[in-house]
Amino acid sequence: MKFEAESNISTVTQFVLLGFASLPNLQVILSAVFSIIYMIILIGNCLIILITRLDPTLQKPMYFFLANFSALEICYVSVTVPRILFNIWTQNRNISMLACAVQMCFFLMLGTDECFLLAVMSYDRYVAICNPLQYPLVMNSRKCTQLAAGSWLSGIPIQIGQTCWIFSMHFCNSNQIDHFFCDIPPILKMACGDTSVHELSVYVVVMVVAALPFILVLTSYSKIIATILRLPTAKGRAKAFSTCSSHLLVVVLFYGSGTITYLRPKSMHSPETDKLLSLFYTIVTPMFNPLIYSLRNKEVIAALRKLKLQK
């Protein structure tokens, strides 16, 4: 398929998402791989939501937040993967400027929501391990609902503002986005003139929506680890750590890949590297999250077995 570049994008209304067009011989394989991964993500997260609703032993704040996280993961991957599959299946890679802005906005909003929800989940583990006697009182149903709602809503005003700010620029380098979805780095590359102010705003927003929750996560886990090390028995320490090890692993995967992507200098960005890193934190990590939370959690495994026996 021939892609037409335009020299003055300030007047056009659509871009071209190149995606994986440079791999024409692998389109069928890519379609199959992304379809399978998407189904794994949907089925895995839907199962977690189902068992946390149906199993009486999982009616705890920890699993309430896990169900919210699973729902958020489904929304998060659904912003990008269906569009990837559509582009591969139809070979129509055009996307309107409005659709591009909407995709970016939802991607950033849901990514922000994940950052805050991961911080809330770490706070839940902190209260459970460091203040077990106060846990039922502190993490009551009303407080859990408020924390979950706050996490879901946190990204809306910030990322709507950032998206409008980015798309207020004029684009004159090309209308071809060398990426598989509308993300900030490739969009900034197409902008006319100096983009340093916009890059600075991106760093500031990342510091607010990612670094601040990450600091809260680190603070919670530093106190959790200190408390666990003070437990008298090795069995007690192992049991306490097992309740938060899955969450800690997810935090490392999500924040690690996201930080490398968005906090690298512009000079270190390349289309190939950006695509690889983006694949990791937009698709690969969400695929592993249900496995991490189920295979490393005895209560979730037991609930899945009961659900299987009921069938």
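This is a short exchange about a predicted model of one protein chain.

Colleague: Why is Gln162 called buried?

Modeller: Buried means under 20% relative accessible area. Gln162 has 5% relative accessibility, so Gln162 counts as buried.

Colleague: Where does Gln162 sit, and which residues is Gln162 in contact with?

Modeller: Gln162 lies in helix H6, residues 141–166. Leaving aside neighbours within four places in sequence, Gln162 is in contact with Leu108, Ile184, Ser201, Val202 and Val205. Contact here means heavy atoms within 4.5 Å.

Colleague: Why is Ile43 called partly exposed?

Modeller: Exposed means over 50%, buried means under 20%, and partly exposed is in between. Ile43 has 48% relative accessibility, so Ile43 counts as partly exposed. Its place is in helix H1, residues 27–54.

Colleague: How far apart are the C-alpha atoms of Ile43 and Arg142?

Modeller: They are separated by 29 Å. Along the chain, Ile43 and Arg142 are 99 residues apart.

Colleague: What share of the residues counts as buried?

Modeller: Of the 311 residues, 49% count as buried. The accessible surface of the chain comes to about 15200 Å². Carbon and sulfur atoms hold 70% of that surface.

Colleague: How many helices and strands does the protein chain have?

Modeller: The count is eleven helices and three strands. From the N terminus on, they run β-α-α-α-β-α-α-α-β-α-α-α-α-α.

Colleague: Which residues does UniProt list for "transmembrane region"?

Modeller: The unreviewed entry lists residues 28–51, 63–86, 98–123, 200–219, 240–264 and 276–295.

Colleague: What is the secondary structure over residues 98–123 and 200–219?

Modeller: Residues 98–123 are 100% helix and 0% strand, with end C-alpha atoms 37 Å apart. Residues 200–219 are also 100% helix and 0% strand, and there the end C-alpha atoms are 27 Å apart.

Colleague: What share of the contacts with a separation of 6 or more joins residues 24 or more positions apart?

Modeller: That share is 79% in the protein chain.

Colleague: How far apart are the mean positions of the positive and negative charges?

Modeller: The chain has 23 positive and 14 negative charges, and their mean positions are 17 Å apart.

Note on methods: Residues are numbered from 1 along each chain as its sequence is written. This is a predicted model: local features need pLDDT of at least 70, side-chain atom pairs count only at pLDDT 80 or more; totals for chains, interfaces and linings use all residues. Side-chain values use heavy atoms; hydrogens and water are left out. UniProt positions are given in the numbering used here, feature names are shortened, and annotations may be inferred rather than shown by experiment. Helices (H or I, at least four residues) and strands (E, at least two) are DSSP runs, numbered from the N terminus. Buried means under 20% relative accessible area, exposed over 50%, partly exposed in between (1.4 Å probe, protein chains only). Accessible areas come from the Shrake-Rupley method with a 1.4 Å probe; for residues, only the protein chains shown count as cover. Lys and Arg count as positive and Asp and Glu as negative; His and the chain ends are not counted. The place of a charge is taken as NZ of Lys, CZ of Arg, CG of Asp or CD of Glu.
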